[in-house]
Amino acid sequence: MVRALLLESLHPQASTILAGAGVTPVEHRGALDEDELVAALAGVAVLGIRSKTQVTERVLAHAPDLQAVGAFCIGTNQVDLEAAAARGIPVFNAPFSNTRSVVELAIAEIIALTRRLTVKDTTLHAGVWDKSSEGSHEVRGRTLGIVGYGNIGSQLSVVAEALGMSVLYYDTAEKLALGNARRAPDLESLLRHSDVVTLHVDGRSGNAGFFGVEQLSAMREGAIFLNLSRGFVLDHDALADALARGHLSGAAVDVFPHEPKARGDAFTSPLRGLPNVILTPHIGGSTEEAQEDIGRFVATKLRDYLRTGSTSLSVNLPAVALDRVPGTARLAHLHHNVPGVLATVNSVLAEHGVNVDGQLLTTRGAYGYAVTDVGALTPAVLDALRAMPETVRLSVV
Ligand SMILES: NC(=O)c1ccc[n+]([C@@H]2O[C@H](COP(=O)([O-])OP(=O)(O)OC[C@H]3O[C@@H](n4cnc5c(N)ncnc54)[C@H](O)[C@@H]3O)[C@@H](O)[C@H]2O)c1
């Protein structure tokens with residue numbers, strides 16, 4: 001019986017998909033600490049977690065039955081990816097499942113801020129009837145400047161254009177412009193020409209504090225600023241100052257350099273209490289639709305790995321996906337990436353009279369992964385392949 005341990009209240013899609021593949025899911029509402037996890041992993045082939053469970057080197061060293069890990073979230077910092085790779089354990093996540101959710105929040109905020117909705121709402125709740133059009137605008141015809149034209153930035157571009165916005169983008173990498181969006185030659189030019197500037201850059205270390213006094217000052221007088229990417233990319237004091245001085249007319253911030261750990265914890269920020277500023281507790285990707293898609297996406301990757309050895313979209317192993325030659329056995333061989341391994345594998349097979357019906361090899365850093373469809377296998381073949389000094393893990397799937 002193949003067992004999966006699913007922690008941190010994963011979406012029901014996860015257990016449904018794994019059970020459909022003959023895996024027995026055991027679910028647990030919360031995260032487990034290191035000792036609890038070591039004990040719980042005995043006899044477990046698949047581990048499903050979210051962001052709170054730490055899968056350390058020690059956990060992996062004490063989990064000889066573990067075959068794959070699913071991080072049912074976007075980030076994978078909670079897993080020791082190198083230690084998992086060294087044991088031939090692929091780790092899968094869901095990098096795109098909440099893209100649309102972030103885009104919709106950004107659109108909602110762009111409209112709300114351009115229309116000064118939060119100010120009107122607060123004033124009316126305070127019992128004051130402030131009917132005026134001053135400072136309120138349509139988004140149609142205004143220019144949106146997108147910094148970081150990746151998954152989220154490019155999808156936002158399409159939706160913003162559908163609302164009649166004109167889109168400029170800036171990305172350090174070469175990116176295809178979608179629709180009528182135009183690439184800005186540099187960040188300064190984008191800032192100078194945009195009514196709304198929104199950050200969607202990734203979390204590489206070089207982006208720490210990259211948007212500060214200089215960039216905020218280069219924005220148009222009265223412009224609006226959004227950050228739904230990473231907290232550490234922005235100088236929050238500089239943003240608070242630009243808003244307080246009236247240089248910017250509004251802002252929305254979803255991510256912070258130091259975010260409270262638990263629901264209900266206190267939150268401090270220089271942005272608190274400023275008018276026409278929307279603050280949200282890192283919920284850009286937090287929708288029920290995104291959770292369902294994460295459950296489906298990661299569970300499907302785990303299922304495919306168990307069934308076919310496919311490591312496609314794994315974050316730590318070479319990616320191989322090979323159509324199965326019908327009626328064959330499949331060898332999934334993770335090995336150290338040194339010259340001659342495939343030749344040795346094939347000569348072992350030939351020496352034992354085993355014909356190769358299909359084969360694919362990919363490498364990634366220190367590891368190579370070869371999937372080979374063959375006719376009948378004998379224990380002697382498997383022993384010979386396992387005995388190769390380059391072999392990290394050999395499975396028959
Ligand atoms: N608020 C949330 O809940 C939430 C949810 C999902 C993702 N995110 C964050 O949103 C960001 C974007 O996600 P994504 O999936 O679109 O990432 P992505 O990797 O697809 O795109 C990031 C883009 O930014 C570009 N880039 C990096 N540094 C840059 C810089 N200094 N200037 C210009 N371009 C730069 C990259 O070349 C890339 O095209 C990430 O930081 C991610 O962590 C936040």
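## Conventions

Helices (H or I, at least four residues) and strands (E, at least two) are DSSP runs, numbered from the N terminus. This is a predicted model, in which local features need pLDDT of at least 70 and side-chain atom pairs count only at pLDDT 80 or more, while totals for chains, interfaces and linings use all residues. Residues are numbered from 1 along each chain as its sequence is written, and side-chain values use heavy atoms, with hydrogens and water left out.

## Overall build

The protein chain has 13 helices and 16 strands. Its C-alpha atoms fill a box of roughly 85 × 45 × 30 Å along the principal axes. Of its 397 residues, 45% count as buried. Buried means under 20% relative accessible area, exposed means over 50%, and partly exposed lies in between (1.4 Å probe, protein chains only).

Contact means heavy atoms within 4.5 Å. Among contacts with a separation of 6 or more, 63% join residues 24 or more positions apart.

## The cavity

A search turns up 1 cavity of 30 Å³ or more. The largest cavity holds about 50 Å³ of space. On a 1 Å grid over the protein atoms alone, a cavity is a set of points where a 1.4 Å probe fits but cannot get out; lining residues have an atom within 4 Å of a point. Grid points are joined across faces, edges and corners, and a volume is the space filled by probe spheres set on the points.

Which residues line the largest cavity? They are Gly 88, Tyr 305, Leu 317, Ala 332, His 333, Leu 334, Tyr 369, Arg 393 and Ser 395. Strands β13 (329-336) and β16 (391-396) each supply at least two residues of this lining. β13 gives the most, with 3 residues.

Helix α10 spans residues 236-244. Its buried residues are His 236, Ala 238, Leu 239, Ala 240, Ala 242 and Leu 243. An α-helix has 3.6 residues a turn, so residues three or four places apart point the same way. The buried residues of α10 pack against α9 (213-218), β10 (223-227), β11 (248-253) and β12 (277-279).

Asp 235 caps the N-terminal end of α10. A side-chain oxygen of Asp 235 lies 3.1 Å from the backbone nitrogen of Asp 237. This is a polar contact: a pair of N or O atoms within 3.5 Å, where, within protein, one must be able to donate a hydrogen and the other to accept it, and residues adjacent in sequence count only if both atoms are side-chain atoms. Gly 246 follows α10 and has a positive phi, near 85 degrees.

## A buried charge without a partner

Glu 109 sits in helix α5 (residues 99-114). Glu 109 is buried yet has no salt bridge. The nearest side chain of opposite charge, Arg 100, is 14 Å away. For charge, Lys and Arg count as positive and Asp and Glu as negative; His and the chain ends are not counted.

What does Glu 109 touch, not counting residues up to four places away in sequence? The residues are Leu 226, Leu 228, Ala 252, Ile 278 and Thr 280.

## Salt bridges

The whole structure has 14 salt bridges. A salt bridge is a side-chain nitrogen of Lys or Arg within 4 Å of a carboxyl oxygen of Asp or Glu. Glu 138 pairs with Arg 140, with the closest N and O atoms 2.8 Å apart. Glu 138 is partly exposed at 49%, and Arg 140 is exposed at 58% relative accessibility.

Asp 195 and Arg 220 also meet in a salt bridge (2.8 Å, N to O). Asp 195 lies in the loop between α8 (187-193) and β9 (196-199) and Arg 220 in the loop between α9 and β10, so the pair ties together parts that are 25 residues apart in sequence. Asp 195 is buried, with a relative accessible area of 16%, whereas Arg 220 is partly exposed at 32%. Another salt bridge joins Arg 303 and Asp 304 (3.2 Å, N to O). Arg 303 is partly exposed at 22% relative accessibility, and Asp 304 is partly exposed at 22%. Salt bridges with shared partners link Glu 34, Asp 35 and Arg 58 into one network.

Glu 8 is not a glycine, yet its phi is positive, near 65 degrees. Glu 8 is in the loop between β1 (2-6) and α1 (12-20). At 9% relative accessibility, Glu 8 counts as buried.

Arg 116, also not a glycine, has a positive phi of about 55 degrees. Arg 116 is in the loop between α5 and α6 (117-125). Its relative accessible area is 24%, which makes Arg 116 partly exposed.

Note on methods: On a 1 Å grid over the protein atoms alone, a cavity is a set of points where a 1.4 Å probe fits but cannot get out, and a pocket is an open set with protein on both sides within 12 Å along at least five of seven lines; lining residues have an atom within 4 Å of a point.
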